[in-house]
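Biologist: I would like a close look at one part of this protein, with the terms spelled out as you go. Please start with a single residue and then widen the view.

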Amino acid sequence: MTSTITSATVGAASTSTPTSAAAPTLASPSAAYTLTLRVELAFDPGTLGRLTTAIGTTGANLGRIDAHHRNGPAVTRTIDVLCRDEAHGTEVVEAVRAVRGVTLLDVADKTFALHEGGKIRVTPSFALETRDDLSIAYTPGVARVSAAIATDPERVWDYAIKRNAVAVLTDDSSASACSTSRSTACSPSSRRATC
């Protein structure tokens with residue numbers, strides 16, 4: 001499984017598994033293990049049925065099925081498949097490859113694709129369209145707001161991001177688990193209390 005949809009030779013989509021430390025195996029298929037498959041189907045009666053039956057036979061659940069375009073005797077579709085774990089996803093991919101009239105073009109692990117680049121984005125709370133907007137929001141306007149907060153620190157709740165922030169507190173008990181996973185998300189700086 002790949003973390004993003006990758007170009008692959010016809011019928012040979014990549015199924016390399018992203019490394020993950022002790023990812024759990026679930027009792028039933030879950031959105032957390034969703035594969036997005038891009039397939040080319042022969043435009044013959046029963047092809048889509050054979051494909052969905054093969055996926056169902058593995059114990060996976062179907063999510064959305066979108067038709068992209070018809071190209072002569074074939075139609076390209078994108079199909080979301082909910083799996084139990086990464087090994088189950090590999091089983092699904094192999095089952096899809098074995099279906100007559102179906103060519104697997106691309107495989108993506110939807111969870112990894114969603115996390116690419118991080119999940120949180122910082123954006124302005126209002127449009128910055130003119131030089132005046134910048135003067136109000138940044139220099140020199142921000143200096144007025146900063147001075148007001150310095151004079152009355154309680155105003156930070158009205159004029160800064162503080163009211164939208166949360167504190168992350170820890171007693172460092174997870175440090176040993178972090179050292180074994182060697183995750184940068186568990187670095188000492190990420191364990192400090194923040195507010």
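Modeller: His 88 lies in helix α2, residues 86–97, where helices (H or I, at least four residues) and strands (E, at least two) are DSSP runs numbered from the N terminus. The model is a predicted one, in which local features need pLDDT of at least 70 and side-chain atom pairs count only at pLDDT 80 or more, while totals for chains, interfaces and linings use all residues. Residues are numbered from 1 along each chain as its sequence is written, and side-chain values use heavy atoms, with hydrogens and water left out. His 88 counts as buried because its relative accessibility is 2%, buried meaning under 20% relative accessible area, exposed over 50% and partly exposed in between, with a 1.4 Å probe and protein chains only. Apart from neighbours within four places in sequence, His 88 is in contact with Thr 58, Gly 59, Ala 60 and Cys 83, contact meaning heavy atoms within 4.5 Å.

Turning to the chain around this residue, 25% of its 195 residues count as buried. The protein chain holds eight helices and four strands, and along the sequence these follow the pattern β-α-β-β-α-β-α-α-α-α-α-α. Of the contacts in the protein chain between residues at least 6 apart in sequence, 70% join residues at least 24 apart. The accessible surface of the protein chain, computed by the Shrake-Rupley method with a 1.4 Å probe and, for residues, only the protein chains shown as cover, comes to about 12700 Å², and 56% of that surface belongs to carbon and sulfur atoms.
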